[in-house]
Amino acid sequence: MHERSLVQNLLRQVEQIVVEQGGGQVAEIRVQAGDLSGVEPLLFQMAFNDMAPAVFSAECQLVLEVVPVTAVCCQCDHEFEIVDFLFRCPACQAGSVQVIQGDEVKLISVTINSNHSVEGVAS
């Protein structure tokens with residue numbers, strides 16, 4: 001399962017971020033996956049639910065945002081969303097386009113609840 005290896009790599013990356021930030025409990029991991037990334041959201045979530053509690057607490061949540069495929073026309077520079085996997089510019093009908101978003105999996109943010117207390121802060 002492709003999703004399990006992606007989640008495994010994601011958890012390693014988040015572990016490194018936690019170490020760099022001085023520790024704490026991971027509350028939320030926010031990820032974007034493009035329509036062309038090959039990620040099946042349900043399988044990704046299931047793999048996360050299975051693997052994350054062994055690394056972080058069971059309360060750690062995954063927020064997975066699926067992003068559409070966006071391209072730019074190589075002829076007229078028109079930027080557009082790919083619909084129905086039609087890789088043709090809607091402005092000039094050129095078939096030469098470059099995908100600029102939607103073919104990757106990206107870690108967007110990690111929310112860490114710090115173990116450190118702050119004293120002497122007035123609100």
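Trainee: Is the crossing in which α1 passes α2 left-handed or right-handed?

Mentor: This is a predicted model, in which local features need pLDDT of at least 70, side-chain atom pairs count only at pLDDT 80 or more, and totals for chains, interfaces and linings use all residues. Residues are numbered from 1 along each chain as its sequence is written, and side-chain values use heavy atoms, without hydrogens and water. A crossing is called right-handed if the near helix is turned clockwise from the far one by less than a right angle, and left-handed if anticlockwise. The crossing of α1 past α2 is right-handed.

Trainee: How are α1 and α2 oriented to each other?

Mentor: Helix α1 covers residues 2–20 and helix α2 residues 41–55, and their axes lie 9 Å apart at an angle of about 40 degrees. Angles under 35 degrees count as roughly parallel, over 145 as roughly antiparallel, 65 to 115 as roughly perpendicular, and the rest as oblique. The two helices, α1 and α2, are therefore oblique.

Trainee: How many disulfides does the structure hold?

Mentor: A disulfide is counted when two cysteine sulfur atoms are within 2.5 Å. The sulfur of Cys92 has its closest cysteine sulfur in Cys73, 3.6 Å away, which is too far for a bond. For Cys74, the nearest cysteine sulfur is also that of Cys73, 6.4 Å away. The number of disulfides is 0.

Trainee: Is Cys74 buried, exposed or partly exposed?

Mentor: Buried means under 20% relative accessible area and exposed over 50%, with partly exposed in between (1.4 Å probe, protein chains only). The relative accessible area of Cys74 is 43%, so Cys74 is partly exposed.

Technical notes. Axes fitted to C-alpha atoms, helices over the stretch in contact; angles between N-to-C directions. Helix = DSSP H or I, 4+ residues; strand = E, 2+ residues; numbered from the N terminus.
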